[in-house]
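Work through the exercises below with the sequence and the structure in view. Try each task before you read its solution.

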Amino acid sequence: RQRDYEENRPEAIKRWLGAVLGYRVAIMEDRRDEARTEIAKQKKYARIGGVLNKGTIYEQQERIRAADEVIEEDRRYAKDNGVKVLPRNDKRVVDAEECLEANYDHSLNNTITQADIDRMIDGARSFAVDGQDCLWIAALLKEAEQK
């Protein structure tokens with residue numbers, strides 16, 4: 001299995017890594033936006049009530065920092081692998097998201113987990129690229145999260 005994986009990995013990287021990283025960057029950008037919104041709310045209500053919750057603002061700043069670091073790492077990882085991080089509206093990013101969304105139990109959690117990804121990968125009999133887009137999307141997502 002490992003040899004099959006390694007032989008097909010370069011083609012999968014060309015086909016899907018930019019989309020997988022685009023998906024991850026989009027999630028991080030959303031987290032940054034949510035944190036900025038929360039900081040703005042804290043400031044707004046501080047003007048009304050006179051109390052600024054610095055702890056909450058600091059937590060949101062740390063969320064922004066963490067998201068920025070992931071985005072930077074993903075862009076570097078893309079460059080190291082000779083691909084571009086695709087924008088969130090690219091069809092391949094949308095396809096990657098739909099694939100991942102279809103492969104986890106929404107009633108248990110609101111996002112794909114490492115266990116979901118491992119289940120997809122462990123169930124593979126082959127790592128041929130053609131016809132196994134979701135498998136490679138999951139495998140490349142796992143690699144990106146472990147880098």
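**Exercise 1. Decide whether Q42 is buried or exposed, and list what Q42 touches.**

Step 1. Take the cut-offs: buried means under 20% relative accessible area, exposed means over 50%, and partly exposed lies in between, with a 1.4 Å probe and protein chains only.
Step 2. Q42 has a relative accessibility of 18%, so Q42 counts as buried.
Step 3. Locate the residue: Q42 belongs to helix α1. Helices are DSSP runs of H or I with at least four residues, strands are runs of E with at least two, and both are numbered from the N terminus.
Step 4. Look for contacts, that is, heavy atoms within 4.5 Å. With neighbours within four places in sequence left aside, Q42 is in contact with L52, N53, T56 and I57.

The model is predicted, so local features need pLDDT of at least 70 and side-chain atom pairs count only at pLDDT 80 or more, while totals for chains, interfaces and linings use all residues. Residues are numbered from 1 along each chain as its sequence is written, and side-chain values use heavy atoms, with hydrogens and water left out.

**Exercise 2. Classify A26 and G82 as buried or exposed.**

Step 1. A26 is in helix α1. Its relative accessibility is 10%, so A26 counts as buried.
Step 2. G82 is in the loop between α2 (54-80) and α3 (91-101). Its relative accessible area is 66%, so G82 is exposed.
Step 3. Compare chain and space for each residue. A26 and N89 are 63 residues apart along the chain, and their C-alpha atoms are separated by 9.5 Å. G82 and L17 are 65 residues apart along the chain, with 9.6 Å between their C-alpha atoms.

**Exercise 3. Find how many aromatic pairs the whole structure has, and describe those of Y5 with F127 and W136.**

Step 1. A pair of aromatic rings is described by the distance of the centres and the angle of the planes. Rings of Phe, Tyr and Trp (its six-membered ring) pair if their centres lie within 6.5 Å; planes under 30 degrees apart are stacked, over 60 edge-to-face, and the rest tilted.
Step 2. Searching the whole structure gives 3 aromatic pairs.
Step 3. The ring centres of Y5 and F127 are 5.1 Å apart and the planes stand at 90 degrees, so this pair is edge-to-face. It links distant parts of the chain, with Y5 in helix α1 (residues 2-49) and F127 in the loop between α4 (114-122) and α5 (133-146), 122 residues apart.
Step 4. Y5 and W136 are 4.9 Å apart centre to centre, with 25 degrees between the planes, and this pair is stacked. Here Y5 in helix α1 is linked to W136 in helix α5, 131 residues away.
Step 5. Y5 and F127 are both buried, and W136 is buried as well. Y5, F127 and W136 form one aromatic cluster.

**Exercise 4. State how α5 is oriented to α1 and to α3.**

Step 1. Axes are lines fitted to C-alpha atoms, for helices over the stretch in contact, and angles run from 0 to 180 degrees between N-to-C directions. Under 35 degrees is roughly parallel, over 145 roughly antiparallel, 65 to 115 roughly perpendicular, and the rest oblique.
Step 2. α1 and α5 pack at about 75 degrees, with axes 8 Å apart. They are therefore roughly perpendicular to each other. The contact includes Y5, W16 and L17 of α1 and W136, L140 and L141 of α5.
Step 3. The axes of α3 and α5 come within 9 Å and cross at roughly 90 degrees. So α3 is roughly perpendicular to α5. A96, C99 and L100 in α3 meet C134, I137, A138 and L141 in α5.

**Exercise 5. Which residues of the largest nonpolar core touch the most other members, and what does L140 touch?**

Step 1. A nonpolar core is a set of buried Ala, Val, Leu, Ile, Met, Phe, Trp, Tyr and Cys residues joined through side-chain atoms within 4.5 Å.
Step 2. The largest core has 32 residues, of which L17, F127, W136, I137, L140 and L141 touch the most other members. Two or more residues come from each of α1, α2, α3, α4 and α5, and α1 gives the most, with 9 residues.
Step 3. L140 is in helix α5 and is buried, with a relative accessible area of 1%. Not counting residues up to four places away in sequence, L140 touches A12, I13, W16, L17 and V20.
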